[in-house]
Amino acid sequence: MKFFTKLKILLFILIPVFILAFEMNSTDDDILQPGTAKNSIVNHSFPAEGKGCLTCHEGIEPIRQHNLKMMQAIYKEGREEGDPNGCVVCHYGNPKEENNKELAHKDIVIHPGSMWTNDRTCGKCHEDHVYNLHRNLMQTEAGKIQGATWGWGALEGYDVKWGNYDLDDPDGPVPRWGTDKYKDYMHKLMKEYPQVFPEKLSELPSTDISLLAEHPEQAIFTYLRGECLRCHVGVRGKQRRGDYRGMGCATCHIPYTDEGLYEGNDAAIPKDKTGHLLVHSIQSSRKTKVTVNNKTYSGIPSEQCTTCHNRGKRIGVSYLGMIESAYDTPWNSDGSSEPKLHGKRYQYIKDDVHHQIKSRDGNPDGNLLCQDCHTTISMHGNGNIDGTTLGAVEVECADCHGTPEKYPWELPLGFQDELGMEIGDEPRGVTGELLDVQKEFSTIYDPKDGYLLSARGNPLGNVVRKGNDVIVHSANGLDFDAPTLKKLNENNSWKYPEKAVTAMVQIGEHIKKMECYACHATWAPQCYGCHVQVDFSDNKTTRDWIKAGKAHHANGETAETLNREEEMTIPGKSREGRTYVRWEDPVLGVNGEGRITPIIPGCQQITTVIGKDGKTLVSNKIWRTPPGMENGGEEGQRGIDMTPAQPHTISVEARECASCHTNPKTLGYGIGDGKFMTGYENDRYEDLKDATGQNLSKHSRPQIPKIEDLPMDLSQVVTRDGKQLQTVGHHWPLSSPLSQSTREKMERVGVCISCHQDVPDGNIFIKATAAAGEMLGMIPHNDHEHMKLLNSDIKWGAMTRILFPLLIILVLILGFWIWRLKGR
């Protein structure tokens, strides 16, 4: 009896402890009903079907699965506010009014995820997310603003000082999220580069029309406000095909299709009117399921990200393999033009390999989502104000793939993210501990042998170590093996062994000094020449996206109209054009981390400003930086910019060696070694001319107007004697063209000539060798055979250079010895 009494007491103590531990570690996935598969959808109903808001909105989808923790919390709060269905928790309004729409919708919040209302909706449970997002680049666009104003001569210096709205960081420079090592890393980074981590931002100024004639560079403010800033999450954007989206949290977490049509079951939402969400459900991590048209998915589709990421570096559409095109072909089956997407048409090049990868279960059409690499801190922000994407993104290729010498966990923190700082060589290891924000809101995976760490020291909650393997859990429900370079090297299981071993093992400097994507990004969008015209004549106006955000703020996202044009417009209208577009052989330069990287046209702004009276104030002008900046000397540097970028166009098979080492464009000398497209500085006439080239007609007009101060092709960054011709990055001091010594070391244009100037008809020995090779069938017929022959010749050459002198010395010694013997 004493034994059973003690056992009861022990169980009485332990059972509550186990229950408490279970509750603390539970996720939404743990709240499935008995007998339900962990990844299935439970089709429960609303607590009060046909009542309250559901009187009209019958059939609407639950914002989350009924049985999950978040939805149960919404129902609980709804009951406390007299709405068992919980609609009032996010949308407010009066759910008790079931007969009069106007009364029911009084004070209703139409867009609960909006930046201007999410402090009292999403922020009830996600306070840190809301605080961080207000300071995130997707809301401030501070980096974009700095780059564009720099290129127009409207900003002197490197400091990031303007954003979409006045903003500060009242809780100070310590990130709200992250491990202690991450916070220490960011503290060092902010101390080293304060210009890209501002403590506050001021709202971007408006163009002062009265000063425009004297300061035409102010037109950039109108261009930014009317065009570029439509992507920030404080507004809904252009609301056209491909650009339909929500605001704030809903920008990413509520699904919108290209066509912007509702396809759910709510009879009150029209299915033929654009601008609506796909279904009334949140998309998030793997545990969050969304069902539409009898299809169930999880995660945030990468296509949602392209709503914004189709301009600038264009990484969203590039990841999907697309590049914009000036043509409307191929035509549809009915003969109509290819439809525009994001206001543009596209051609297909090639998907990023992460978007076309075989999953562990053998699915050949698997793909990783953007969120699978880009962490919650990168997406929402860490609570501090970022000035550039390089300052915010914490992941590097080696975090999952390592190097041929080290597994990811054997690398030090900061590897590939050095930014000029010393990182040491202490292995980063793995961790079994997640961040609090990951424990509370993310899908939690079995850590196996530990979660991998990002380059800055945070756990990658969906990337785990299993022995010497790396497993990536995608939010879309698939799992993937991330190949580690060390294992490939140890097992000699490279897909392209000759290239891989040569580039990554034999030439270790590649790994040490280059980004992986310098070689593995086999193409990149290159829109050379960003021609911008801002026209203030004839009372032209344009929507001001900062004013639009303020209008949303003032109206609190209620039923009041948010489309009062007079509240949202400013004088002036912008239009854009290009010089030409390329995709092949991206130019190489140096990024802010100090590593060699692809560089692509960022804002190569060539500007025209037309005043209020219709007179042209500047025509096709290229602005310059202040003197002494960006290696520009006393004149300053041209403000057209080539931007260091991760193009998100990765291929397993890297660029060919020749595409860098024998390609003047890649080195920064321009397409065709800068010999073409050099006639910009004079008007080009294509009318009838006399023998001296003079126009015969007095009515002749330039076919191609001149662009002053553009003596080179826009793809040329530097001359062969080292004169820099345009800026390369404008945020980080380490970004630059390839150095003179690097270019000279890389360039091998003369390699072919060095052999073939004598082969096959050089001196008698070469002729004899060529003839023998022809007779014996040893003449190479393809690139592979050519490589083998050269490799063999190099080995024989090396042996000959060493053995022949040794043989001569040996012969001399032997002769001397024989001579000595005869002398005796």
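Me: Helices (H or I, at least four residues) and strands (E, at least two) are DSSP runs, numbered from the N terminus; with that settled, where is the place of Gln 416?

Reply: Gln 416 has its place in the loop between α16 and α17. The model is a predicted one, in which local features need a pLDDT of at least 70 and side-chain atom pairs count only at pLDDT 80 or more, while totals for chains, interfaces and linings use all residues. Residues are numbered from 1 along each chain as its sequence is written, and side-chain values use heavy atoms, with hydrogens and water left out.

Me: What pLDDT does the protein average, and which residues have a pLDDT below 50?

Reply: The average for the protein is a pLDDT of 90 (the predictor's confidence in each residue, from 0 to 100), and 92% of the residues score at least 70. Residues 8-43 have a pLDDT below 50, and beyond near neighbours in sequence this stretch has 35 contacts in the model (a contact being heavy atoms within 4.5 Å).

Me: What is said of the phi of Gln 416 and of Glu 141?

Reply: Phi is near 70° at Gln 416, a positive value in a residue other than glycine, and it is near 55° at Glu 141, again positive in a residue other than glycine. Most residues other than glycine have a negative phi, and most peptide bonds are trans. Glu 141 is found in the loop between α6 (137-140) and α7, and its 5% relative accessibility is the reason that Glu 141 counts as buried.

Me: Which peptide bond is cis, and how do you know that?

Reply: The bond from Thr 329 to Pro 330 is cis, its omega being near -5°. Pro 330 is found in the loop between β6 and β7.

Me: Why is Ser 359 called buried, and which side chain does its own side chain contact?

Reply: Ser 359 is called buried because its relative accessible area is 5%. The side chain of Ser 359 makes a polar contact with that of Asp 361, at 2.4 Å. Ser 359 lies in the loop between β7 and α13 (370-373), and, not counting residues up to four places away in sequence, touches Leu 478, Asp 479 and Phe 480.

Me: What makes helix α9 largely enclosed by the rest of the structure?

Reply: Eight of the eight residues of α9 (residues 219-226) are buried, so the helix is largely enclosed by the rest of the structure.

Me: How do α7 and α9 pack, and which residues meet?

Reply: Helix α7 (residues 142-151) packs with α9 at an angle of about 145°, and their axes are 10 Å apart; axes are lines fitted to C-alpha atoms, for helices over the stretch in contact, and angles run from 0 to 180 degrees between N-to-C directions. In α7, Ile 145, Ala 148 and Thr 149 meet Ile 220, Phe 221 and Leu 224 of α9.

Me: Why does Gly 402 count as buried, and which residues does Gly 402 touch?

Reply: Gly 402 is at 3% relative accessibility, and therefore counts as buried. Not counting residues up to four places away in sequence, Gly 402 touches Cys 397, Tyr 407, Pro 408, Leu 411 and Leu 485. The place of Gly 402 is in the loop between α16 (398-401) and α17 (436-441).

Technical notes
Buried means under 20% relative accessible area, exposed over 50%, partly exposed in between (1.4 Å probe, protein chains only). A polar contact is a pair of N or O atoms within 3.5 Å; within protein, one must be able to donate a hydrogen and the other to accept it, and residues adjacent in sequence count only if both atoms are side-chain atoms.
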